[in-house]
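Take a look at the structure below. Then follow the paragraphs with the picture beside you.

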Amino acid sequence: MLRPRHRLHPYLFLAPTLAVLGLFFLFPLALAAYRSVFRWDLLTPPRYVGLAHYERLFASGEITRALGTTVSYAIVVVIGSMVLGLLLALAVNRTGRFVAFVRSCVFSAYVVSWVSVALLWMWMLDADAGLVGRACKAIGIGESGLLTSPETALYALAGVTVWKITGFSMVVFLAGLQDIPEELYEAASLDGAGPLSRFAHVTWPSLRPTTAFVGTTSLIVSFQAFDIVRVMTQGGPTHSTTVFVYAIYEHVFMNLRAGRASAMVVVFFGVLLLLTLIQLWAWRLGRKSG
Amino acid sequence: MRRRGPGRWALNAVLLVVAVLWLGPYLWMVLGSFKSLKDIMNAPMAPLPSSFQLEAYAEVFRSIPVGRYLLNTTVMALLIAGMQIALALPAGYALAKLRFVGRGGAFLAVMACLLIPAQVTFVPVFLMLAQVGLVNTMTALVLPFGASALGTFMVRQALLSVPDELIEAARLDGASELTIVYRILGPMLAPTLASLFLLSFVFHWNDYFWPLVMTTDETVRTMPLAVALLREQGTGVRWHIVMAGNVILSGPALLVFALAQKHLLRAVAARR
């Protein structure tokens with residue numbers, strides 16, 4: 001730690017960063033809270049309504065519905081990408097050109113944009129023109145299209161999300177696997193442990209912090225889902241894929257309800273804060289026993 | 001896992017299926033972009049087009065100004081990544097190396113921003129920018145991401161392991177503080193800055209959400225938006241055209257991935 005050459009230097013160095021972060025991250029949060037007590041259609045002057053928006057949002061069941069949709073989607077995404085990511089990491093955890101190639105294939109989906117992935121899978125899943133859609137129809141699932149039926153649309157979106165982000169969890173799990181000291185495995189082998197018991201007694205416990213990281217990161221990412229919904233289903237059919245962020249978007253840009261949307265933003269931030277607390281708790285737990 | 005024999009072969013077979021599951025869709029996309037609409041509608045399961053056509057690409061270039069959008073996207077992503085590095089270096093230096101009143105508070109403020117995603121700020125920021133007439137400008141796309149909380153944190157962490165003596169020596173040599181930050185510490189932090197640049201560039205090149213919300217016309221529209229709009233144009237979905245646009249959109253991302261794969265993998269794994 002050094003003494004600054006001039007008293008003001010540290011403040012000058014931090015000023016641009018804090019100005020941008022303050023203006024575009026911290027201040028907007030306060031602004032959302034302020035706007036949420038007004039009714040405002042962006043055209044006529046705002047009118048003070050107190051907590052009416054919050055009452056409406058909870059009483060009409062809109063928050064519960066958006067939250068329920070988001071949670072269903074998130075559960076499939078988190079479990080799917082974690083299980084697949086871990087299995088793949090275990091399978092490709094060796095050297096060689098072939099496994100390096102498999103790793104690259106899976107991870108590349110993480111680098112490509114959500115729009116690309118969404119459009120690609122819209123076509124693949126199309127009941128008439130798509131490869132997967134036609135195949136599903138042939139075996140009797142999703143006759144009218146996986147994305148156009150309210151029962152399957154959300155899970156189809158979740159499946160595509162798993163396809164996109166599994167590469168991320170695979171890479172993180174792989175890094176976690178490579179941190180496990182070889183001696184632990186050797187000791188376990190000497191004790192006569194087979195592959196399954198080595199996994200249960202060495203790999204899985206050592207991976208706990210990594211598992212906590214992957215799980216909570218993908219949970220937060222799936223709560224922020226928007227692009228894939230906007231491109232593939234626009235929240236439909238019959239609102240079955242209206243996740244939280246999409247609901248907020250609809251309020252501002254389609255219904256011009258800036259006040260109601262701001263109230264939803266405040267609630268959404270509260271939910272994310274709660275998830276972050278869970279994240280911190282899971283990390284601590286993972287470290288302690290890991 | 002050093003298995004031999006049939007187990008090894010079974011595992012490799014499964015991995016081959018995995019490779020096809022992840023690579024196949026891209027190949028299908030590329031093949032689709034060379035098909036005619038008739039091919040797609042009449043023989044949707046046939047892998048190869050009846051004849052390789054460039055019509056879909058020609059139509060993409062006819063219906064949207066591809067060059068303009070690619071330029072917008074590249075300029076936006078470069079400006080954001082460049083600004084983030086330029087601002088994170090001095091801020092990280094102050095947080096890691098300088099003693100001053102309010103350091104703890106400043107660090108906390110930066111870390112708090114990590115908890116606030118664009119999906120929370122877009123409504124108030126849109127309302128704010130609309131009031132000052134900045135919606136639909138490059139400023140609205142770049143400035144909100146000009147400083148990165150994650151980047152500032154990454155630079156600070158990397159600087160913690162740089163010895164103070166090095167900075168003291170540079171000071172004795174008469175180097176100004178800005179010279180120390182940008183000319184001496186900057187190059188030392190090259191791996192961290194490269195990670196930050198890659199993560200940021202790829203993220204913003206691919207970003208759909210922010211440009212969608214902040215722009216309405218083509219002067220500043222970016223490529224992901226334009227390609228998504230291709231699907232909404234005209235009657236019925238002309239998949240060959242959408243896929244041609246998709247090839248143009250995902251090509252550069254895959255190219256960056258191919259060139260900087262090792263680095264990207266490390267950057268992602270290091271965030272644990």
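In which loop of chain A does A:P237 lie? A:P237 sits in the loop between α11 (227–232) and α12 (244–253) of chain A. The peptide bond that leads from A:G236 to A:P237 is cis, with omega near -10°.

Some ground rules come next. This is a predicted model, in which local features need pLDDT of at least 70, side-chain atom pairs count only at pLDDT 80 or more, and totals for chains, interfaces and linings use all residues. Residues are numbered from 1 along each chain as its sequence is written, while chains are lettered from A and ligands numbered from 1 in the order in which they are written.

Start with chain A. Chain A holds 13 helices and 2 strands. Both are DSSP runs, numbered from the N terminus: helices are H or I with at least four residues, strands are E with at least two. The C-alpha trace of chain A spans about 75 × 70 × 35 Å along its principal axes. Of its 290 residues, 43% are buried. A residue is buried if 20 or more other C-beta atoms lie within 10 Å of its own, exposed if 12 or fewer, and partly exposed in between, with C-beta atoms placed from the backbone.

Two residues of chain A show the other classes. A:S197 lies in helix α9 (residues 195–206) of chain A. It counts as exposed because it has 12 C-beta neighbours inside 10 Å. A:L256 lies in the loop between α12 and α13 (258–289) of chain A. A:L256 has 13 other C-beta atoms within 10 Å, so it is partly exposed. Its phi is near 50°, a positive value in a residue other than glycine.

Now turn to chain B. Chain B has 15 helices and 0 strands. Its radius of gyration, taken over C-alpha atoms, is 24 Å. Chain B is divided into domain 1 (6–58) and domain 2 (65–89 + 115–158 + 189–233), with bounds from an automatic or database domain assignment. The centres of these two domains, taken over C-alpha atoms, are 32 Å apart.

Where do the chains meet? In all, 76 residues of chain B are in contact with 74 residues of chain A. Contact means that the C-beta atoms of two residues, placed from the backbone, lie within 7 Å. Helix α1 (residues 6–33) of chain B gives the most to the side of chain B that touches chain A, with 11 residues. By class, that side has 59 nonpolar, 10 polar and 7 charged residues. Here Ala, Val, Leu, Ile, Met, Phe, Trp, Tyr, Cys and Pro count as nonpolar, Asp, Glu, Lys and Arg as charged, and the others, Gly among them, as polar.

Look next at helix α15 (residues 261–270) of chain B, where B:L264, B:A267 and B:V268 are buried. Down the helix axis, the buried residues fall within an arc of 95°, so they line one face of the helix. The arc is that of the directions from the helix axis to the C-beta atoms. Their cover includes α4 (97–111) and α7 (153–178) of chain A, together with α11 (190–206) and α14 (239–259) of chain B.

Finish at a loop. B:P163 is placed between α8 (149–160) and α9 (164–172) of chain B. B:P163 is exposed, with 8 other C-beta atoms within 10 Å.

Definitions and conventions
Rg over C-alpha atoms; globule rule 2.2 N^0.38 Å.
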